[in-house]
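Please consult the sequence and the model while reading the points below.

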Amino acid sequence: MGEINNPCMTCGACCAYFRVSFYWAESEEAGGCVPQVLTEQVTPFLSCMQGTNSKTPRCVALEGEVGHAVSCSVYPNRPTPCREFDQSGLNGVTNAACDRARAQYGLPPLNVDLPTIDLTHLSCVPAEIHRQV
């Protein structure tokens, strides 16, 4: 998300609106890349990012102020729901969930004419490599 014109860098609403649930095996403990210390168990098969399993969710990995300047402290090692959640307007497709989260924070919906952003180069980094960086 290092793109200069990426609206997610000044938003973060999705990280402070939804519970981020994922299959437990995505965590480091099971060989995945999501830092174990930032997760909590929801069911025997589901984990979530700490801070998102509450009435006022906010992911523990979210840094900054929603709607101004934000970043994810574990971006290369984020879970699948975060990887698959597209900003509204990306590639000309509206994401109603993105728009709903933005509205919660008084942010307008994003334009559907946003340029294509290639994020394929950002993938899961094994925990041992992440710790060395």
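**Briefing on the predicted model**

Asn91 is found in the loop between helix H1 (80–84) and helix H2 (96–104). The chain has a secondary structure of three helices and five strands, and from the N terminus on its elements follow the order β-β-β-β-β-α-α-α. Of its 133 residues, 33% count as buried.

- Most residues other than glycine have a negative phi.
- Asn91 is not a glycine, yet its phi is positive, at about 55 degrees.
- The relative accessible area of Asn91 is 47%, so this residue is partly exposed; the exposed class begins over 50%.

**The three-stranded sheet**

- Strands of a sheet pair through backbone hydrogen bonds, and the pairing may be parallel or antiparallel.
- In this model, three strands form an open sheet in the order E1-E3-E2, with antiparallel pairing.
- Strand E1 (21–23) and strand E2 (39–41) stand at the edges; each has a single partner strand, so one side of each is left without a neighbour in the sheet.
- From one strand to the next, the twist averages 40 degrees.
- E1 pairs with strand E3 (residues 46–49) in the antiparallel sense over three bridges. Ser21 has Cys48 as its bridge partner in E3.
- E2 and E3 are likewise antiparallel and are joined over three bridges. Here Thr39 has Met49 as its bridge partner in E3.
- E2 and E3 also form a hairpin, with four residues between them.

- Strand E4 (residues 62–65) and strand E5 (residues 69–72) run antiparallel and are joined by four bridges.
- Leu62 has Cys72 as its bridge partner in E5.
- Three residues lie between the strands of this hairpin, in which Gly67 takes a positive phi near 90 degrees.

- Which residues make a nonpolar surface patch of about 340 Å²? The patch is made by Tyr23, Trp24 and Phe45.
- Phe45 belongs to the loop between E2 and E3.
- Is Phe45 buried or exposed? Its relative accessibility is 54%, and Phe45 therefore counts as exposed, since the cut-off for that class is over 50%.

**The cysteines**

- How many disulfides does the structure hold? The number is zero.
- A disulfide requires two cysteine sulfur atoms within 2.5 Å, and two examples show how this cut-off applies.
- For Cys8, the closest cysteine sulfur is in Cys14, at 6.4 Å, which is too far for a bond.
- For Cys48, the closest cysteine sulfur is in Cys59, at 9.0 Å, again too far for a bond.
- Cys48, the bridge partner of Ser21 in E3, counts as buried because its relative accessibility is 0%, and the buried class covers values under 20%.

Conventions: Residues numbered from 1 in each chain as written. Predicted model: local features only at pLDDT ≥ 70, side-chain atom pairs only at ≥ 80, totals over all residues. Heavy atoms only, no water. Pairing = 2+ DSSP bridges. Helix = DSSP H or I, 4+ residues; strand = E, 2+ residues; numbered from the N terminus. Axes fitted to C-alpha atoms, helices over the stretch in contact; angles between N-to-C directions. Patch = residues over 30% accessible without salt bridge, like charges linked within 9 Å, V, L, I, M, F, W, Y side chains within 5 Å. Areas by Shrake-Rupley, 256 points an atom, 1.4 Å probe, with all protein chains shown as cover. Salt bridge = Lys/Arg side-chain N within 4 Å of Asp/Glu carboxyl O. Buried < 20%, exposed > 50% of the residue type's maximum accessible area, 1.4 Å probe, protein only.
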